[in-house]
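Here is a short briefing on one model, grouped by topic. Keep the sequence and the structure in view while reading.

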Amino acid sequence: MNFNFCSLSSGSSGNCYYVGNGFHGILIDAGIPATSIRKFLRNMMIPMETIMGVLITHNHSDHIRGLEVLLRKNNLPAFTTREVWNSILSPHSRISPDCIREIPLIKKFHLAGFDIEAFPVCHDSPETLGFHIVAGNRKLTIATDLGHICQTSAPYIKAANLLVIESNYDELMLMNGGYPPFLKARIKSDNGHLGNHQTSSFLADNVSENLTHICLAHLSKNNNNPEKALATLYGTFADRGISLNGSPKIIVLERNTPSEMISLLS
Ligand SMILES: [Zn+2]
Ligand SMILES: [Zn+2]
């Protein structure tokens, strides 16, 4: 069985990710228009009928903007915790009750051939989730919005073979940029986003030979760019005397362009 991952879109203007096994697949978040999701999947020769559902990380619009239409037009279920559902559903919501699936926190459930565990991360929504997705001995962890890596999320992040982790902002670009002080403080806070140095330091401290792929995700449009994120990562590893000779493979996920399809080998 295959274990494939790709990003359809990653960043503060829209997030959507795909995990599949060659037969079935799952989407994580639907923060771009449903028409774009369908188009990207079609371009990758992934039939919509093979998508078994959408996992939802949290209620911010860059993660759920396309959700209602995607569910309605494709008759798909969506999976998240009660707390996240409470933060998404309002009296005006047009999400059909038939689409709503409630999942436990820190407890495995099974979907599309994968064992999946949702874990809480620190971010400024009522509840925000990361997902740990396992098939056989292959493990993917995705955490796209988190202000710091806490004791609860760290073990999931350390256990991944393929890690999709936020590297949201370059600390100097944020500090010297035009955002108002309250917004800078919000982004930098423990419940905001991870900066390039934060992510790179954690990775350098915890890199293991199990880790085969690092995907840097959710880069800010205004306060970061792929060159800065990569330079910080390589620089931090070099400072610690860790050489990166092609393993783990480092990929920066783009904002508006789907990534390559990454396959985890068993
Ligand atoms: Zn986000
Ligand atoms: Zn968010």
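In strand 3, L27 is the bridge partner of Y18. The model is predicted.

**Strand 2 and its neighbours**

- Strand 2 and strand 3 (residues 25-28) run antiparallel, joined by four bridges.
- Strand 1 and strand 2 also run antiparallel, with five bridges between them.
- Within that pairing, V19 of strand 2 has F5 opposite.
- Strand 2 is mostly covered, with five of its five residues buried.
- Side chains in a regular strand alternate between the two faces of the sheet.
- In strand 2, C16, Y18 and G20 point one way, while Y17 and V19 point the other way, and all are buried.

**Hairpins**

- Six residues lie between strand 1 and strand 2 in their hairpin, where G11 has a positive phi near 145 degrees.
- Four residues lie between strand 2 and strand 3 in their hairpin, where G22 has a positive phi near 95 degrees.

**Helix 1**

- Which residues of helix 1 (residues 34-43) are buried? They are A34, I37 and L41.
- The buried residues of helix 1 pack against strand 1 (4-9), strand 2 (16-20) and helix 3 (67-74).

Conventions
Residues are numbered from 1 along each chain as its sequence is written. Chains are lettered from A and ligands numbered from 1 in the order in which they are written. This is a predicted model: local features need pLDDT of at least 70, side-chain atom pairs count only at pLDDT 80 or more; totals for chains, interfaces and linings use all residues. A residue is buried if 20 or more other C-beta atoms lie within 10 Å of its own, exposed if 12 or fewer, and partly exposed in between; C-beta atoms are placed from the backbone. Helices (H or I, at least four residues) and strands (E, at least two) are DSSP runs, numbered from the N terminus. Two residues are in contact if their C-beta atoms, placed from the backbone, lie within 7 Å. Two strands pair if DSSP finds at least two bridges between them.
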